[in-house]
Amino acid sequence: MTQPNTESKFWWRQGLDALNSDQWEQLCDGCGLCCLHKLEDEETGEYHYTSLACDLLNTTSCECGDYENRTERVPECLKLTQQNYHQALPWLPNSCAYKRVAQGLDLPRWHHLRAGGKALMHKHGLSVSGKVQHAAGIDEDDYQEYVLQWVDGE
Ligand code: SF4
Ligand code: SF4
């Protein structure tokens with residue numbers, strides 16, 4: 001088994017809690033999965049992702065339309081931080097960079113910090129690009145019809 005190059009991989013070397021704010025931001029893969037509406041199964045506690053996205057999400061680039069002011073614009077948007085990521089782990093997708101590092105896993109090869117850009121992630125369909133729509137106008141009672149099968153969560 002190949003050992004990670006811990007010199008260049010700050011996420012291995014330092015762990016989540018020791019990252020500075022720039023490193024923390026860099027770690028996000030920009031997949032957009034956490035910007036999708038999710039349904040929680042009250043019996044099992046499992047989360048199911050839907051193809052319905054926050055209305056601020058650019059559904060092609062997967063970027064937030066107002067990242068700096070996101071929590072003011074969308075009160076239910078969770079700003080992931082070193083103080084709260086533990087609580088978010090149950091519903092973050094298994095591919096999420098924060099979740100992987102928290103679990104002691106390396107970043108996947110397609111992650112921009114390893115691949116040198118986000119093209120590989122989009123090319124392999126690992127982001128929400130082109131796969132989701134805005135939730136505006138859709139009744140919450142109908143969200144069940146939009147549940148995705150390809151998101152690997154807990
Ligand atoms: S799921 Fe994780 S890695 Fe992907 S955009 Fe959200 S916070 Fe970033
Ligand atoms: S406000 Fe931005 S970061 Fe927050 S859920 Fe919406 S698109 Fe995602």
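This is a predicted model: local features need pLDDT of at least 70, side-chain atom pairs count only at pLDDT 80 or more; totals for chains, interfaces and linings use all residues.
**View 1. Gly130 in the loop between helix H7 and strand S3.** The loop that holds Gly130 runs between helix H7 (119–123) and strand S3 (133–134). When residues up to four places away in sequence are not counted, Gly130 touches Thr59 and Thr60. Cys28 stands 102 residues from Gly130 in sequence, and the C-alpha atoms of Gly130 and Cys28 are 19 Å apart in space.

**View 2. The salt-bridge network of Lys9, Asp106 and Arg114.** The structure holds three salt bridges. One of them pairs Lys9 with Asp106, with the closest N and O atoms 2.5 Å apart. Lys9 belongs to the segment before H1, whereas Asp106 belongs to the loop between H5 and helix H6 (112–115), so this pair ties together parts that are 97 residues apart in sequence. Both Lys9 and Asp106 are buried, and for Asp106 the relative accessible area is 15%. Asp106 also meets Arg114 in a salt bridge between side chains, at 3.6 Å from N to O, and Arg114 counts as partly exposed at 32% relative accessibility. Through shared partners, these salt bridges join Lys9, Asp106 and Arg114 into one network.

**View 3. Asp66 and its salt bridge with Arg73.** Asp66 is placed in the loop between S2 and H3, where its side chain and that of Arg73 meet in a salt bridge with an N to O distance of 2.8 Å. Asp66 counts as buried because its relative accessibility is 17%, and buried means under 20%. Apart from residues up to four places away in sequence, Asp66 touches Leu56 and Arg73. Asp142 lies 76 residues from Asp66 in sequence, and the C-alpha to C-alpha distance between Asp66 and Asp142 is 27 Å.

**View 4. Cys62, a residue other than glycine with positive phi.** The phi angle of Cys62 is near 70 degrees, a positive value. Cys62 sits in the loop between S2 and helix H3 (70–73), and at 6% relative accessibility Cys62 counts as buried.

**View 5. Lys79 in the loop between H3 and H4.** With a relative accessible area of 45%, Lys79 is partly exposed. Residues up to four places away in sequence being left out, Lys79 touches Arg70, Thr71 and Asn84. Tyr67 is 12 residues from Lys79 in sequence, and the C-alpha atoms of Lys79 and Tyr67 are 9.7 Å apart in space.

**View 6. The largest nonpolar core and the surroundings of Leu27.** The largest nonpolar core has 30 residues, of which Leu16, Leu27 and Leu36 touch the most other members. The elements that give two or more residues to this core are helix H1 (10–14), H2, strand S2 (47–53), helix H4 (85–88) and H5, and the largest share, three residues, comes from H5. Once its neighbours within four places in sequence are set aside, Leu27 is in contact with Trp11, Leu16, Leu19, Ala97, Tyr98, Val101, Leu107, His111 and Leu113.

**View 7. The largest pocket and its lining.** About 1,200 Å³ of space lies in the largest pocket. Its lining is made up of 44 residues, and Cys34, Cys35, Arg70, Cys77 and Leu78 are those that lie nearest the centre of the pocket. Helix H2 (21–27), strand S1 (36–40) and helix H5 (97–102) are the elements that give two or more residues to this lining. Sorted by class, the lining residues of the largest pocket comprise 25 nonpolar, nine polar and 10 charged residues.

Notes. Residues are numbered from 1 along each chain as its sequence is written. Chains are lettered from A and ligands numbered from 1 in the order in which they are written. Side-chain values use heavy atoms; hydrogens and water are left out. On a 1 Å grid over the protein atoms alone, a cavity is a set of points where a 1.4 Å probe fits but cannot get out, and a pocket is an open set with protein on both sides within 12 Å along at least five of seven lines; lining residues have an atom within 4 Å of a point. Grid points are joined across faces, edges and corners, and a volume is the space filled by probe spheres set on the points. Helices (H or I, at least four residues) and strands (E, at least two) are DSSP runs, numbered from the N terminus. Ala, Val, Leu, Ile, Met, Phe, Trp, Tyr, Cys and Pro count as nonpolar, Asp, Glu, Lys and Arg as charged, and the others, Gly among them, as polar. A nonpolar core is a set of buried Ala, Val, Leu, Ile, Met, Phe, Trp, Tyr and Cys residues joined through side-chain atoms within 4.5 Å. Buried means under 20% relative accessible area, exposed over 50%, partly exposed in between (1.4 Å probe, protein chains only). Contact means heavy atoms within 4.5 Å. A salt bridge is a side-chain nitrogen of Lys or Arg within 4 Å of a carboxyl oxygen of Asp or Glu.
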